[in-house]
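The exercises below are to be worked with the sequence and the model side by side. Each task is followed by a solution in steps.

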Amino acid sequence: MSIDMSQFHQVFFEECFEGLEAMESGLLTLDMGAIDSEIINTIFRGAHSIKGGSGTFGFTVVADYTHIMETLLDEMRDGRRQVTQPAVDVLLGSVDCLREMLTAIQNEQIVNDVSVATHKTALEIVLNGGSIAEEPASPVEQELANVAAVVHIAPDIIEEKSVELAGQGWKIAFCPYLDLLKTGNDPVRLFRELNELGELTTLANIQDVPDFYELDPEECNISWDLNVAGDIPEDDIREIFNWVEGDCEIEIQPFAKAVKPLLPAVKKADPEPTPVIISNNPDPKPVEVKPKGVEETKKSDAQDADNEAAKTTVKASSIRVDTDKIDTLINMVGEVVITQSMLGLVGENFTMDKVGQLKRGLAQLERHTRDLQQSVMNIRMLPISFVFSRFPRLVHDISGKLDKKIVLKLVGENTEVDKAVVELINDPLVHLIRNSLDHGIEMPADRVAAGKPETGTIELKAYHRGGHIVIEIIDDGRGLDKDKLLAKAIEKGLVEENNLLTEKQIFELIFMPGFSTAEQLTDISGRGVGMDVVRRNIQSLGGNIEIISELGKGTTIAIHLPLTLAILDGQSVAVGDETYIVPLVSIIESINITEKMLNKVAGKGETFRLRNEYLPVIRMRGIFNVHSGNLTKSKEGVLVVVEGQGELCCLLVDELLGQQQVVIKSLEANYRRVEGVSGATILGDGSVALILDVPGLVRFSIR
Amino acid sequence: MTTDEQSNNSRVEQFLTFQLADEAYGVEILKVQEIRGWEAVRVIPNTPAFVKGVLNLRGSVVPIIDLRERFSLEHCEYSAKTVVIVLCVENGPNQFVMGIVADAVSDVLDINLEDVKKAPNFGSKIDTRYMRGMYVYKKKMIMLLDVDKLLNPDEVEGIESLV
């Protein structure tokens with residue numbers, strides 16, 4: 001019986017990434033010294049389920065790796081090990097490494113062995129040394145080729161690993177606990193049984209046998225490396241060790257695979273931890289291992305953003321929905337069905353005296369439909385914490401790199417927003433936060449000199465206002481320097497020297513392509529690309545971004561976004577017999593005009609003078625080839641002043657019809673993209689209306 | 001004998017035939033999603049003339065193509081008898097729903113593919129790329145269309161540039 005496991009892979013990966021996120025946020029909230037066992041438990045659970053899952057699916061690389069993390073976490077959980085910053089850093093690095101591994105496996109790429117090995121080594125050193133925090137000067141490098149390296153940390157449960165049947169034999173690392181003999185087990189008997197299966201060679205590690213005078217004959221101080229040759233099923237070997245399970249740690253691997261270091265699993269506390277390293281290579285080389293791990297963490301950071309971006313675009317396929325939301329939906333559908341059958345009954349033998357009943361029924365139907373729509377939209381809503389939860393890590397890593405002290409405060413993480421918005425807002429936010437970290441918050445010394453607390457604060461805040469969600473990034477850093485910005489803009493020729501700009505306009509300058517005031521380029525920010533991309537991304541989501549800043553006090557960047565991308569507020573306009581929808585957000589104002597009020601430029605283009613500004617006019621009839629309707633109407637009409645990509649222009653339409661919320665339907669789903677049109681919607685009478693793409697129209701009209 | 005019959009059966013496909021300016025055309029019935037009466041559509045600006053517009057089909061926006069104009073047949077006013085055949089078009093991994101306007105739907109025929117003749121080469125004047133072949137039924141010729149090729153959105157685009 002073989003089940004196609006690959007059908008579960010998607011779910012597995014999703015769970016893993018969720019688990020990793022939980023681990024990451026857990027690690028970041030860990031308070032040094034004061035260990036909150038609940039947090040460690042959460043992290044441990046994350047690691048454990050990844051290990052379990054990857055074992056099941058045969059991703060042994062991941063399982064092996066997680067196993068080591070688990071060992072370390074277990075000791076922390078039991079209080080046998082101090083939670084130290086270096087250890088946490090290494091664990092964070094491991095989370096990154098795991099994420100890389102899983103992404104690679106998911107994309108069916110080859111796992112980067114080198115990076116995995118580095119992280120593994122770092123982990124092992126923390127695990128073995130245990131003292132890395134206390135004596136960071138003498139960590140021990142353990143070479144991967146150290147086959148016989150057996151780490152003994154006195155656990156009491158065997159973690160089994162799935163290992164395929166070996167062709168030639170098995171390599172068994174057998175580390176009994178001190179009290180193995182007291183439980184009545186005799187290793188010699190086990191060995192005899194093994195020898196019956198195949199030719200057995202034993203190698204006893206007696207390094208940790210104490211002096212003769214201190215020797216307790218009832219304690220088992222020896223561990224063994226056993227090699228059983230022959231074609232033996234793994235289960236047979238496991239059977240032999242069944243009796244000592246729980247009294248030893250054991251690692252069974254086929255010969256071919258035994259090149260990797262064998263590492264035991266740990267499950268429970270042992271009152272007397274006895275870390276021992278038995279190695280073929282007994283002289284430990286002092287090596288800087290901690291920085292290696294940290295460096296790795298940061299290196300992957302820059303790529304992280306790119307990877308993440310790619311990832312989110314690739315896997316935008318499934319969504320996890322709260323069961324409550326589905327239950328509400330089902331209830332609602334039930335109500336609709338009931339109302340429908342009630343109406344059916346009324347309609348069956350309709351007489352005029354049933355009009356009241358009919359009206360009531362229709363009113364009920366209307367209410368239910370509205371509720372239904374609302375709850376369906378609700379399903380697409382996710383808390384913004386999906387995005388926010390990644391930032392503590394970002395801040396932690398970057399502030400460490402910049403030697404700044406920064407705390408990140410998250411407010412309103414449970415604010416719900418459409419899934420599509422959640423996915424697309426991530427990259428702009430990463431960019432803005434990096435900016436705040438790099439340019440906003442000053443170095444601790446500068447802060448103290450400026451009379452501010454040494455530790456800078458970045459607040460990430462989300463809340464609902466009207467039909468929008470507002471995301472604010474507030475820092476208490478140095479703020480934007482208006483004069484400097486203006487000088488830079490003039491120097492770069494982006495602004496005329498004598499132009500008077502308002503404060504707001506000056507701040508807007510940072511959104512110009514190629515504008516950067518950073519004196520020094522860093523890999524975090526300062527290349528002058530980015531802010532314009534940020535603004536473009538946010539505008540493409542139908543939102544806008546504004547900056548409030550006070551020199552020396554800090555900067556607030558506020559992003560306003562529509563709650564959902566599936567519905568928009570639109571103004572319907574008539575052009576001939578056609579109805580178009582103009583997104584309300586892009587409309588500045590509408591003016592009734594007659595043709596005489598337009599000015600021709602060079603006999604072709606038309607402009608309209610609006611308060612001393614000449615705006616280009618786009619005739620909708622012309623650009624969309626509409627010939628229907630009353631042509632005399634075109635003598636007078638309505639100018640809709642719209643803003644598209646920062647440019648104002650006027651759309652000449654016949655008349656304004658009304659404002660309404662419209663559900664956006666894609667034209668591309670069944671046809672293709674049409675220039676000047678961003679989508680379609682269905683009007684109350686069931687007909688289709690096209691939604692205008694204002695920036696696209698502007699571009700189209702220029703050609 | 002039985003195996004022979006079966007293999008024959010497997011080569012029989014059902015086709016929906018329809019009238020277009022006194023000519024008979026056929027499409028695979030498995031591609032047909034539904035048949036509906038003509039109703040007004042919303043014009044899409046700046047598209048080829050044979051793309052009549054889009055229609056609201058239970059919430060999805062479906063483009064409607066006039067085959068008369070597509071095949072450069074004489075134009076005729078839409079009447080109460082004019083029908084729209086809604087088809088499911090496959091283009092690689094993607095599926096599109098599109099409608100075609102026909103004068104009238106005639107019949108559903110079981111056609112043995114062995115009886116389908118290859119469309120003759122008309123030279124460069126007539127494009128036979130969209131034809132699966134020809135079939136003679138009651139002494140009348142029926143053109144069997146390859147829906148996937150005919151209504152492929154890229155093709156629609158391509159035609160526009162050719163015109």
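Two strands pair if DSSP finds at least two bridges between them; helices (H or I, at least four residues) and strands (E, at least two) are DSSP runs, numbered from the N terminus. This is a predicted model, in which local features need pLDDT of at least 70 and side-chain atom pairs count only at pLDDT 80 or more, while totals for chains, interfaces and linings use all residues. Residues are numbered from 1 along each chain as its sequence is written, and chains are lettered from A and ligands numbered from 1 in the order in which they are written.

**Exercise 1. Describe the make-up of chain B and its open sheet of five strands.**

Step 1. Chain B has four helices and 10 strands. Along the sequence they follow the pattern α-β-β-β-β-β-α-β-β-β-β-β-α-α.

Step 2. Five of the strands form an open sheet in the order 8-1-2-10-9, with mixed pairing. Its edge strands are strand 8 (104-112) and strand 9 (131-137) of chain B, each of which pairs on one side only. From one strand to the next, the twist averages 30 degrees (axes are lines fitted to C-alpha atoms, for helices over the stretch in contact, and angles run from 0 to 180 degrees between N-to-C directions).

Step 3. Strand 2 of chain B runs parallel to strand 10 (residues 140-145) of chain B, and three bridges join them. Gly26(B) has Leu144(B), in strand 10 of chain B, as its bridge partner.

**Exercise 2. Is Leu30(B) buried or exposed?**

Step 1. Locate the residue: Leu30(B) is in the loop between strand 2 (23-28) and strand 3 (32-37) of chain B.

Step 2. Apply the cut-offs: a residue is buried if 20 or more other C-beta atoms lie within 10 Å of its own, exposed if 12 or fewer, and partly exposed in between, with C-beta atoms placed from the backbone.

Step 3. Leu30(B) is exposed, because it has 12 other C-beta atoms within 10 Å. For chain B as a whole, buried residues make up 31% of the 163 residues.

**Exercise 3. Which residues of helix 6 of chain A are buried, and why are they on the same side?**

Step 1. The buried residues are Pro187(A), Leu190(A) and Leu194(A).

Step 2. They are on the same side of helix 6 of chain A because they cover an arc of only 60 degrees around the axis. The arc is that of the directions from the helix axis to the C-beta atoms.

Step 3. The cover over these buried residues includes strand 2, strand 3, strand 4 and helix 7 of chain A. The face turned away carries the exposed residues Val188(A), Arg189(A), Arg192(A) and Glu196(A).

**Exercise 4. Which strands pair with strand 13 (residues 554-562) of chain A?**

Step 1. Strand 11 (residues 468-475) of chain A is joined to strand 13 by eight bridges and runs antiparallel to it. Ile474(A) stands opposite Thr556(A).

Step 2. Strand 12 (residues 544-550) of chain A also pairs with strand 13 in the antiparallel sense, over seven bridges. The bridge partner of Ser549(A) is Thr555(A).

Step 3. Strand 12 and strand 13 of chain A form a hairpin with three residues between them, and Gly552(A) in the turn has a positive phi of about 85 degrees.

Note on methods: Contact = placed C-beta atoms within 7 Å.
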